[in-house]
Amino acid sequence: MELAMAAEELKTVVNRLRRAQGQIAGVIKMIEEGRDCEEVVTQLAAASKALDRAGFAIIATGLEHCLTDSDIAAGGDREQIRARLEKLFLSLA
C-alpha cells in the first residue's frame, strides 16, 4: 500500500518524527552522561508519544481517504473529519 498524503499532512508527520528523533538523540546523550533515571525515562516517554502521534496521524489520514463524498456533502469538513479520526485513534493509545 502506497503512502499518499497531502503536502501539509506530510509536513506535520515529518515534524513529529523529527521531534522524536531529537528526543531520542537527547536520551542517548543523557544515558552517556549518566543522567538521572527519572529524567531519561521522562524524555524517552516523550519520544515514544511523538512516534505514536506520527503513526496515528498516518492512520487517520489513510482512513480519511476512505471516507465517502456523502460525508463531505453532509456538511463535514475534511480537515475536521481527519482530526476527529486522529483523536479517536489517539484515545486508544
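Of the 93 residues in this chain, 23% are buried. Keep in mind as you look around that the model is predicted. Let's start with the overall layout and then walk along the chain.

Reading from the N terminus, the elements go α-α-α-α. How much of the contact pattern comes from residues 24 or more positions apart? Among contacts with a separation of 6 or more, such pairs account for 60%.

Now find helix H1, which covers residues 7–32. H1 has 26 residues, and from its first C-alpha to its last it reaches 37 Å. That is close to the 38 Å you'd expect at 1.5 Å a residue. Which residues of H1 are buried? They are Glu9, Val13, Arg16, Ala20, Gln23, Val27 and Met30.

Two of those deserve a stop. Arg16, in helix H1, has a relative accessibility of 12%, so it counts as buried; the cut-off for that word is under 20%. What does Arg16 touch, once residues up to four places away in sequence are set aside? Its contacts are Ala50, Arg53, Ala54, Ala57 and Glu86. Further along H1 sits Gln23, which is buried because its relative accessible area is 15%. Leaving out neighbours within four places in sequence, Gln23 is in contact with Gln43, Ala46, Ala47 and Ala50. Ala50 turns up in the contacts of Arg16 and also in those of Gln23.

Asn15 belongs to helix H1, and it lies 35 residues from Ala50 in sequence. In space, the two are 9.4 Å apart, C-alpha to C-alpha. Is Asn15 buried, partly exposed or exposed? With 37% relative accessibility, Asn15 counts as partly exposed.

Leu17, Ile24, Ile28 and Leu51 make a nonpolar surface patch of about 310 Å². Which element gives the most to the patch? Helix H1 does, with three residues. One of the patch members, Ile28, has its place in helix H1. Because its relative accessibility is 45%, Ile28 counts as partly exposed.

H1 is followed by Gly34, which has a positive phi near 70°. On either side of that glycine there is some charge pairing to explore. Side chains of opposite charge can pair when their charged atoms come close. How many salt bridges does the count come to? It comes to two.

In one of them, Glu33 pairs with Arg35, and the closest N and O atoms are 3.5 Å apart. In the other, the side chains of Glu39 and Arg35 meet at 2.8 Å, N to O. These salt bridges share partners, joining Glu33, Arg35 and Glu39 into one network. What about cover? Glu33 is partly exposed, with a relative accessible area of 44%. Arg35 is partly exposed as well, at 40%, and so is Glu39, at 35%.

Finally, jump to helix H4, residues 78–91. This helix has 14 residues and reaches 20 Å from its first C-alpha to its last, close to the 20 Å expected at 1.5 Å a residue. Its buried residues are Ile81, Arg82, Leu85 and Glu86.

Terms used:
Residues are numbered from 1 along each chain as its sequence is written. This is a predicted model: local features need pLDDT of at least 70, side-chain atom pairs count only at pLDDT 80 or more; totals for chains, interfaces and linings use all residues. Side-chain values use heavy atoms; hydrogens and water are left out. Patches are made of residues with over 30% relative accessible area and no salt bridge: like charges are joined within 9 Å, nonpolar side chains (Val, Leu, Ile, Met, Phe, Trp, Tyr) within 5 Å. Accessible areas come from the Shrake-Rupley method with a 1.4 Å probe; for residues, only the protein chains shown count as cover. A salt bridge is a side-chain nitrogen of Lys or Arg within 4 Å of a carboxyl oxygen of Asp or Glu. Helices (H or I, at least four residues) and strands (E, at least two) are DSSP runs, numbered from the N terminus. Buried means under 20% relative accessible area, exposed over 50%, partly exposed in between (1.4 Å probe, protein chains only). The expected span of a helix is 1.5 Å times one less than its number of residues. Contact means heavy atoms within 4.5 Å.
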